[in-house]
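Thanks for coming, everyone. Have a look at the structure on the screen, and then I'll walk you through it piece by piece.

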Amino acid sequence: MLPARSTRTVSPAARPRRDFSQLRRLAQFARPYVPLLALGIVCTLFSSGLNLVFPGLFGRLIDASFLRVGNTDTGPLDRIVLLLLGIFALSAAFGAAQSYLLSRMGASVVADLRRALFSHLLTLSPRFFAAHKTGDLTSRLTADVGTVQGVVSTALAQLFSQAVTLVGGVVLLFVTSARLSVVTLAVIPLVIGTAITIGRRIRRVSRQVQDAIAAANANAEEAISGVRVVQSFTAEDQERERYGAGILVSFRAALQRAQLQALMAGVMSFLTFGALAVVLWYGGRQVLSGAITPGHLVSFLFYALQVGITVASLTGIFNQFQEALGASGRIFELLDTRSDLPEASRPAALQQPEGRVAFRDVSFDYGDRGDAPILSGLDFEVPAGQVVALVGPSGAGKSTLVGLIPRFYDVTQGQLLIDGTDVRELALHDLRAHVGLVPQETLLFSGTIHENILYGRPGASDAEVQQAARAANAHDFIVGFPDGYQTVVGERGVKLSGGQRQRVAIARALLKNPRILILDEATSALDSESEALVQDALERLMVGRTTFVIAHRLSTIRTAGRILVLEAGRIIQDGTHETLMASGGLYRELYEMQFRRQAEGAAELDRPAASLTGV
Ligand SMILES: Nc1ncnc2c1ncn2[C@@H]1O[C@H](COP(=O)(O)OP(=O)(O)OP(=O)(O)O)[C@@H](O)[C@H]1O
């Protein structure tokens with residue numbers, strides 16, 4: 001949730017300005033579709049203009065027929081009805097064209113808005129995603145943008161046609177009978193006043209509804225993606241309650257909104273039809289006194305009805321706009337969020353880096369805890385091509401350290417240099433193009449194995465994909481599937497085993513061919529054959545690259561060119577396996593503990609993770 005989002009207060013003077021700027025921003029999204037909009041407006045003018053003709057014709061129809069009882073000449077009546085039919089047909093055709101054109105514009109604007117929002121989300125940093133729940137973000141992409149869509153397409157179309165009808169209707173009211181018009185229009189300030197007062201409250205509550213739905217969505221998203229954990233802890237009731245509580249909040253807010261909308265509709269309806277009754281009474285007296293004909297009164301009533309319906313539906317549209325302003329506020333809030341990883345205005349070039357990495361007196365904290373920094377005083381240099389194993393207790397800061405290299409976070413103090421250039425001076429895209437990442441929890445995207453490997457370098461040939469898969473020891477198991485490389489892996493790769501997923505991820509990294517590699521070795525159980533295949537693939541992947549391994553396996557640690565031992569965010573030992581074993585200290589302790597466990601053959605404990613990085 002964004003901090004203080006729903007409780008933010010806006011001074012009354014600031015609100016209209018903000019509303020206006022939001023509308024202007026929405027309008028900017030509509031700019032490419034101005035021709036469509038213009039054509040839509042022309043159709044609206046015709047369709048609504050034609051609709052304004054018929055009350056006048058109705059009046060003439062009355063005077064030409066009902067008041068001439070006994071007259072056998074039906075010519076005038078026939079002509080008027082034919083004219084009416086023609087007008088209705090034309091108006092319907094223009095109305096349909098208008099509806100299509102403006103809806104098309106709305107759908108286009110909304111598609112652009114969704115694309116812009118998603119594309120912007122992808123530029124935001126891990127810090128942002130750590131602070132926002134996925135469900136809340138997807139809710140903005142779906143529910144909020146959907147609300148805006150309603151307005152941009154249908155409500156906008158209605159707004160134009162109602163505006164034309166309103167202006168035209170009022171003019172024609174005066175033409176038909178100025179006196180009656182004054183009586184009718186006296187009610188309009190009341191209508192507008194009500195619309196503004198209640199509308200404002202509707203908007204506030206609408207935002208509460210959207211906020212509550214987003215929060216509930218976020219819970220649902222977590223529970224669904226972690227459904228195995230939920231089920232294994234038989235925590236279904238707890239999750240039901242949590243989601244139910246969120247939905248209750250949104251339900252209550254929605255009820256409040258419905259009450260306000262109902263109140264608005266009721267008041268509007270009474271004001272409109274009450275005014276009509278008054279007109280009927282006053283107009284009837286004028287007909288009786290012979291001041292106007294019955295046809296005139298009928299025309300007037302139709303115009304008044306049109307104007308009344310228009311005013312009432314305009315207030316409905318006004319409501320919709322209020323809702324959409326609430327939703328677009330939430331959308332623009334996201335679009336306005338800037339990444340906390342500023343891009344250099346003139347980035348240094350990084351075409352074919354060697355892959356030297358240097359930490360210069362680096363300190364780092366996540367900025368959310370006031371106490372000691374997570375990393376402090378890191379000062380070391382890794383020559384190109386060296387394999388560095390990071391070892392240390394859980395929470396020592398190993399993952400945090402490697403996360404600084406692709407700039408998921410910026411150092412709080414000091415400098416991180418690649419080939420002598422501060423990473424903050426490089427274009428983020430260039431930097432990351434040269435850094436490969438094989439995380440512990442391999443994430444594959446739903447799609448085929450081929451697509452997942454190709455992710456490493458879109459545009460690579462089939463032969464290159466296969467070559468990478470072979471080097472990653474993945475080719476054999478892939479061709480063993482009936483669909484081979486076209487096998488669909490399921491969401492997050494669930495249809496593959498842990499070891500298979502890792503090897504696909506290694507193939508993906510091989511295809512990317514980065515100069516710098518970050519490897520978080522998996523701690524999850526792999527049988528020894530699978531582990532040997534993964535290990536073999538990893539060794540091939542590391543060749544010739546500067547590699548940082550968060551090492552859990554004895555074999556990796558022994559063969560690493562260098563070992564850095566981290567404790568509480570500081571490097572306390574730096575050397576090779578042999579030198580560190582010789583000098584004693586934390587490394588030897590961790591190593592011996594693990595070795596002992598392995599020697600004891602304790603099946604559950606013999607995984608290196610338990611001792612070298614997990615104590
Ligand atoms: N996104 C985050 N926001 C705030 N604090 C974090 C974040 N990620 C990690 N931390 C904190 O930073 C510290 C170091 O965590 P880190 O994940 O780097 O340790 P680690 O050595 O990799 O541990 P492990 O071996 O258990 O994975 C921990 O105290 C952790 O709580």
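Strand β6, residues 435-438, pairs with β7 in the parallel sense over 4 bridges. One of the facing pairs there is G436 opposite L517 in β7. A quick word on terms: helices (H or I, at least four residues) and strands (E, at least two) are DSSP runs, numbered from the N terminus. Two strands count as paired if DSSP finds at least two bridges between them.

Before I go further, this is a predicted model, where local features need pLDDT of at least 70, side-chain atom pairs count only at pLDDT 80 or more, and totals for chains, interfaces and linings use all residues. Residues are numbered from 1 along each chain as its sequence is written.

Back to β7. What joins β7 to strand β8, residues 546-550? There are 5 bridges, and the two strands run parallel. D520, for instance, has I550 as its bridge partner in β8.

Buried here means 20 or more other C-beta atoms within 10 Å of the residue's own; exposed means 12 or fewer, partly exposed is in between, and the C-beta atoms are placed from the backbone. In a regular strand the side chains alternate between the two faces of the sheet. In β7, I516, I518 and D520 lie on one side, L517 and L519 on the other, and all of them are buried.

Okay, on to the cores. A nonpolar core is a set of buried Ala, Val, Leu, Ile, Met, Phe, Trp, Tyr and Cys residues joined through C-beta atoms within 7 Å. The largest one has 72 residues, and L390, I506 and A507 have the most contacts inside it. Helix α16, residues 498-512, gives the most to this core, with 7 residues. There's also a second, separate core of 42 residues, with V145, F160, V164 and I331 among its members.

Let's zoom in on L390. If we skip neighbours within four places in sequence, its contacts include K398, L401, F548, V549 and I550. By contact I mean C-beta atoms, placed from the backbone, within 7 Å of each other.

K398 turns up again around the ligand. Which residues come nearest to the ligand? Of the 13 around it, they're Y366, S394, K398, S399 and T400. A residue makes that list if its C-beta atom, placed from the backbone, lies within 6 Å. Helix α11, residues 398-404, supplies the largest share of this shell, 3 residues.

Next, the other sheet I wanted to show you. It's an open sheet of 4 strands in the order β2-β1-β4-β5, with antiparallel pairing. β2 (375-382) and β5 (421-422) are at the edges with a single partner strand each, so one side of each has no neighbour in the sheet. β4, residues 413-418, pairs with β5 over 2 bridges, in the antiparallel sense. I418 has T421 as its bridge partner in β5.

In the loop between β4 and β5 you'll find D419. Its phi is near 50°, a positive value in a residue other than glycine. D419 is partly exposed, with 17 other C-beta atoms within 10 Å. Compare N473, in the loop between α14 (462-471) and α15 (475-480). N473 isn't a glycine either, and its phi is positive, about 55°. N473 is buried, though, with 23 other C-beta atoms within 10 Å.

One more turn: β9 and β10 form a hairpin with 2 residues between them, and A568 in that turn has a positive phi of about 45°. Strands β9 (residues 562-567) and β10 (residues 570-575) run antiparallel and are joined by 5 bridges. V565 is opposite Q573 there.

Finally, let's zoom out. The protein has 21 helices and 10 strands. Its radius of gyration is 35 Å, while a compact globule of 615 residues would be near 25 Å. That's taken over C-alpha atoms, and the globule rule is 2.2 Å times the number of residues to the power 0.38. The C-alpha atoms fill a box of roughly 120 × 55 × 50 Å along the principal axes. Buried residues make up 36% of the 615.

Methods. Two residues are in contact if their C-beta atoms, placed from the backbone, lie within 7 Å.
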